[in-house]
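Visitor: Hi, I have a new protein model on my screen. Could you walk me through some of it?
Guide: Happy to, let's look together.

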Amino acid sequence: MNLKRRRESPSARFQPGINPSSPASLARQLYLALRGAIADGRLDAGQRLPSTRLASQEWKLSRGTIAEAYEILIAEGYAIARHGSGTYISAGVPDGLLRAGERKEPAAHATSRALSQAVTRVLTCGPSLEPQKPLPFVTGRIAHDERTAGLLSRIAGRHMNYAFEGYGDIQGEPALRAAIAAHLAVSRGVRCTPDQLFITAGTQQALDLAFRVLASPGDSVVVEDPCYPPARQCLTLNGAQIVGLPVDHEGVMTEVLAAGSLQPPALFYVTPSNQYPVGSVLSLPRRLELLAYARGHGCWIVEDDYDSEFRYDGHPIASLQGLDQANRVLYTGTFSKALLPSLRLGYLVVPADLVPVFRAVRPALDRCPPTFQQRVVGDFLNEGYFPAHLRRLRERLRASRDLLTGLLRDRASEHLAVVVPDQGINLTARSTGTWSNDRAVSAAALAKGVVVMPLSRMNVASSDTSRLLFGFSGLSEAEADLGTRLLAEVLDGTDFRKAPD
């Protein structure tokens with residue numbers, strides 16, 4: 001029998017030069033080595049990268065590590081996956097990215113450059129936070145609304161006179177703070193005055209500001225397990241010792257606190273209204289237990305209410321801050337999901353007695369928030385456009401949620417048990433038992449052009465590898481149809497029961 005053998009790619013002879021003692025993960029090192037070789041021309045456009053099996057033999061790395069590095073290359077456009085053929089170096093890498101490879105440092109510097117201990121911990125504590133391509137089911141996409149876009153454009157025009165008087169207020173524009181305080185009181189039950197609000201560059205800066213003020217390096221901080229990766233990395237960068245509490249269908253399991261086995265932490269970081277990434281809601285008894293524990297032990301609680309505007313069924317869930325009688329809760333939210341991520345507008349509500357402390361610290365970080373965006377959004381809220389915008393957006397997102405859950409149940413129910421969320425812009429699905437390696441499923445799906453995030457990459461101490469996260473905001477019908485078909489093919493065609501590498 002004359003079998004045609006596929007010719008081995010020259011890239012199989014490439015040696016990535018992995019340093020086992022580096023603080024960066026092996027997958028991260030491999031990705032950077034391959035990207036550098038593509039940028040400086042050592043690996044040519046169109047070359048097929050070695051299969052994970054061959055690369056594992058040649059590079060002495062696990063197949064899972066290699067698949068993760070390939071996944072990042074594909075997501076950033078350095079490589080493309082061809083079903084049934086392999087992974088190839090992209091022919092369309094922009095010149096700007098190619099030129100990045102020309103700015104090389106002497107190799108000796110790679111191991112001699114000193115990094116802070118906090119940065120070293122960040123490099124090893126969780127998944128990369130690099131942006132993802134707008135593929136089906138990617139999280140964080142925003143549904144475009146023509147009416148709102150027109151209103152914001154018109155409002156922006158009235159503020160394009162550049163006649164602002166120097167730097168703005170440390171806490172943010174008073175008109176915007178007043179509008180947010182009024183909105184939170186009605187929609188979330190938050191008890192605050194405009195003087196307790198700090199406008200920030202999204203939730204991430206609000207969290208960083210709160211963590212810096214409330215916790216010292218070395219302090220223990222309790223987070224949900226699994227946990228929102230950017231919050232965990234922010235805590236790590238600030239030197240916190242992270243302790244994970246498991247999450248179930250009623251949110252973070254506070255009975256661990258009552259058992260007395262936990263050393264009281266400096267603070268808790270929680271997402272009680274829509275746990276990220278699981279999607280459960282913290283029950284009222286557990287809310288009260290958490291508040292009582294914080295009051296009794298002098299702990300702070302940072303409440304991240306990142307997508308509270310999107311409640312589809314049942315009554316809105318009141319904030320944890322609104323139940324707090326001891327002023328131990330700091331509350332943060334954002335306009336990144338409800339309006340535009342590019343506005344970079346979030347907010348932090350602090351107890352009144354901490355306002356002077358936060359005012360003293362804020363200028364050391366960024367002096368004050370940008371004025372232009374604040375004035376535009378402030379007018380948008382104060383002129384009454386926000387409620388109608390949210391109603392339109394909720395209905396669009398509800399339709400996307402229902403479309404996606406229906407298609408997943410029709411096409412992948414053998415493999416996925418879908419949890420339909422009452423709130424938010426993401427949903428989770430758990431294995432029915434036909435697979436147990438969420439990272440392998442994620443990598444195989446990405447090779448077909450579909451993004452499903454493995455929840456195990458957000459684990460703190462949990463060993464659960466059986467859940468996937470889907471984003472449905474900004475999802476078109478065509479994307480939902482194609483994405484679910486491709487994912488069903490992946491789940492039907494491969495055995496993913498092997499434990500993750």
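Visitor: How far apart are E395 and R398 in helix α16?
Guide: E395 and R398 are 3 residues apart in α16, about one turn of the helix. Do keep in mind that this is a predicted model.

Visitor: What do their side chains do there?
Guide: The side chains of E395 and R398 form a salt bridge, at 3.7 Å from N to O. In general, side chains of opposite charge can pair when their charged atoms come close.

Visitor: Which residues are in the network of salt bridges with them?
Guide: The network links D313, E395, R398, R401 and D402.

Visitor: And how many salt bridges are there by this rule?
Guide: The count comes to 22.

Visitor: Where is R359, and which residue does it form a salt bridge with?
Guide: R359 sits in helix α14, and its salt bridge is with D169, with the closest N and O atoms 3.5 Å apart. That pair links distant parts of the chain: D169 is in the loop between α7 (146-158) and α8 (174-187), 190 residues from R359.

Visitor: What about D169 and R177?
Guide: They form a salt bridge too, with 3.9 Å between the closest N and O atoms. R177 is buried at 5% relative accessible area, while D169 is partly exposed at 27%. R359 counts as partly exposed, at 31%.

Visitor: Back to α14. Which of its residues are buried?
Guide: In α14, which covers residues 355-365, V355, F358 and R362 are buried. Seen down the axis of α14, the buried residues fall within an arc of 55°, so they line one face of the helix.

Visitor: New topic: the largest nonpolar core. How many residues does it have?
Guide: It has 57 residues, and those with the most contacts inside it are I180, F335, L381, L416 and F470. Helix α16 (residues 386-412) gives the largest share of this core, 8 residues.

Visitor: What is L416 in contact with, leaving aside its neighbours within four places in sequence?
Guide: Its contacts include L408, W435, L468, F470 and L491.

Visitor: How many residues are in the other core?
Guide: That core lies apart from the largest one and has 26 residues, among them A231, C234, L330 and F358. F358 is also one of the buried residues of α14.

Visitor: Now the surface. Which residues form a nonpolar patch?
Guide: L115, V119, L123 and L237 do, with about 320 Å² of accessible area together. L115 is in the loop between α5 (109-112) and α6 (117-125), and is exposed at 51% relative accessible area.

Visitor: Last one: how many helices and strands does the protein chain have?
Guide: It has 18 helices and 14 strands. Of its 501 residues, 50% count as buried.

Technical notes. Residues are numbered from 1 along each chain as its sequence is written. This is a predicted model: local features need pLDDT of at least 70, side-chain atom pairs count only at pLDDT 80 or more; totals for chains, interfaces and linings use all residues. Side-chain values use heavy atoms; hydrogens and water are left out. Helices (H or I, at least four residues) and strands (E, at least two) are DSSP runs, numbered from the N terminus. Buried means under 20% relative accessible area, exposed over 50%, partly exposed in between (1.4 Å probe, protein chains only). Patches are made of residues with over 30% relative accessible area and no salt bridge: like charges are joined within 9 Å, nonpolar side chains (Val, Leu, Ile, Met, Phe, Trp, Tyr) within 5 Å. Accessible areas come from the Shrake-Rupley method with a 1.4 Å probe; for residues, only the protein chains shown count as cover. A salt bridge is a side-chain nitrogen of Lys or Arg within 4 Å of a carboxyl oxygen of Asp or Glu. The arc is that of the directions from the helix axis to the C-beta atoms. A nonpolar core is a set of buried Ala, Val, Leu, Ile, Met, Phe, Trp, Tyr and Cys residues joined through side-chain atoms within 4.5 Å. Contact means heavy atoms within 4.5 Å.
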